[in-house]
Amino acid sequence: MAPPPSSDADEPSDVTSSDPLTEDTTATKKRSLNSSTAGTLTLPSSSSNTPEDSLHIPLLPNLPFELIIEILCRLPVKSLMQFQCVHKSWKSLISDRQFAKKHLRMSTKDHHHLITTLANSERDGFSYNDYPLTSLFKQVTTTAMQLEHLLTNGGYRFDHIVGSCHGILCIAIGPGSVLLWNPSIRKFTKLPCLDETPRPEHDYQFSFGYDHSSDSYKVVVSLYNAIVFINGNRVFNPLVKVHTLGTNSWRTIQDFPSGLVREDSLLGKFVCGTINWLALKIQTPPWIIISLDLEMESYQEIVQPDYGGETTLTSLKLGVLRDCLCIFSRSSDTFTDIWLMKEYRNKESWIKLFRVPDIRDLDSFPYVYPLYVSEDDQVLLQIESELFVYNSRDSTFKDLNIRNTNGVTGTTVYHESLISPCF
């Protein structure tokens, strides 16, 4: 199968009245189809007399090419990969980057998946399981699909999944090395190594996002040169570099501002063309949110919600839910509040989405991290190394029983897509 062309993708929310696929490719593809009798949705003819012939199966009606596009762009990726075998014109369409963009915009929330990384002590490695999110919320039990272990097959040493954007996973594979992988279409590419003196793995922290202005994907790396202690917390003073997918080098950009990234919040969160980190400063309050605009490659501080004067915060974590920036605030009481910024950069748009109670009595504060919120307000949670579904309407928990003896070491939600990381 020929690899798809370069696969830049528009933001899913940026839907305009003019469809670039229709404007740029429809006329060409329509001419191609009109020149072939197989260009319409009809059953192939056969000159042999078979039992099926006696059934007199009618031919499907001829459909306009524009309607074919509208039908195909709503189908799951797995089906589309199979449909490339229907005809060369279909293969050309499905592998077209403009069609990949349209499919990303039109695909439904049913096309979200969860990847879990499970430590495997038997072979000193990891296994990667894929779950459709709908099955986690709707079914009593669910079966995972084990993903092809292409990292090991390619000779790469897996480290951790940095994040996802438009169906592409960004994976750290060793000191200073990053791999971009779309598991839906089984394509990956390795980025150029950083031209830095080798250093310990924990000195490299990567983030991944999309710059809509240039229609490009960018990987941001923070290189931690100095380690200091503030109020007993180990923090870092990073140098920042950026790689734009399709180029061959890393560029040094403006240093991280006065806030220092905390050790437990090193992974930046991609929202609305920005990478966001939770940072620590000496002043009070100590926590701030630093945002890097991927277009301008400049920083600014994001105002936090009003947690309430009587609330004593013990920890904060950043996340993304419903494509919005979120804060998960842990108090000295037995609950975690989920705050959501409905309109990015608008401090008045912070709302308290849910309050998640502790699932059990623990001697220490549990690690609670919401991964996804369904349309009916069920929350997929990672609590320590276990996964649960919390129903916010009746305050009940469902144990998903996704674990092994070493627990879940990593979880990532991604949206299946046709976007290729290969340029």
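A residue is taken here as buried when its relative accessible area is under 20%, as exposed when that area is over 50%, and as partly exposed in between. In this predicted model, Cys422 has a relative accessible area of 24% and is therefore partly exposed, whereas Cys170, with a relative accessible area of 0%, is buried. A search of the whole structure for disulfides returned 0.

The largest nonpolar core comprises 49 residues, among which Phe99, Leu180 and Phe206 touch the most other members. Strand E9, spanning residues 216-230, contributes the largest share of this core, namely 5 residues. When neighbours within four places in sequence are set aside, the contacts of Leu180 include Ile168, Leu169 and Cys170, together with Lys187, Phe188, Thr189 and Leu191. Phe208, Val219, Leu245 and Pro421 are also in contact with Leu180.

The second largest pocket has a volume of about 530 Å³, and of the 19 residues that line this pocket, Lys78, Met145, Pro183, Ser184 and Arg186 are the closest to its centre. At least two residues of the lining are supplied by each of helix H3 (77-83), strand E2 (125-132) and strand E3 (145-146), with the largest share, 3 residues, coming from H3. By residue class, the lining of the second largest pocket consists of 10 nonpolar, 4 polar and 5 charged residues.

Notes: Residues are numbered from 1 along each chain as its sequence is written. This is a predicted model: local features need pLDDT of at least 70, side-chain atom pairs count only at pLDDT 80 or more; totals for chains, interfaces and linings use all residues. Side-chain values use heavy atoms; hydrogens and water are left out. A nonpolar core is a set of buried Ala, Val, Leu, Ile, Met, Phe, Trp, Tyr and Cys residues joined through side-chain atoms within 4.5 Å. Buried means under 20% relative accessible area, exposed over 50%, partly exposed in between (1.4 Å probe, protein chains only). Helices (H or I, at least four residues) and strands (E, at least two) are DSSP runs, numbered from the N terminus. Contact means heavy atoms within 4.5 Å. A disulfide is a pair of cysteine sulfur atoms within 2.5 Å. On a 1 Å grid over the protein atoms alone, a cavity is a set of points where a 1.4 Å probe fits but cannot get out, and a pocket is an open set with protein on both sides within 12 Å along at least five of seven lines; lining residues have an atom within 4 Å of a point. Grid points are joined across faces, edges and corners, and a volume is the space filled by probe spheres set on the points. Ala, Val, Leu, Ile, Met, Phe, Trp, Tyr, Cys and Pro count as nonpolar, Asp, Glu, Lys and Arg as charged, and the others, Gly among them, as polar.
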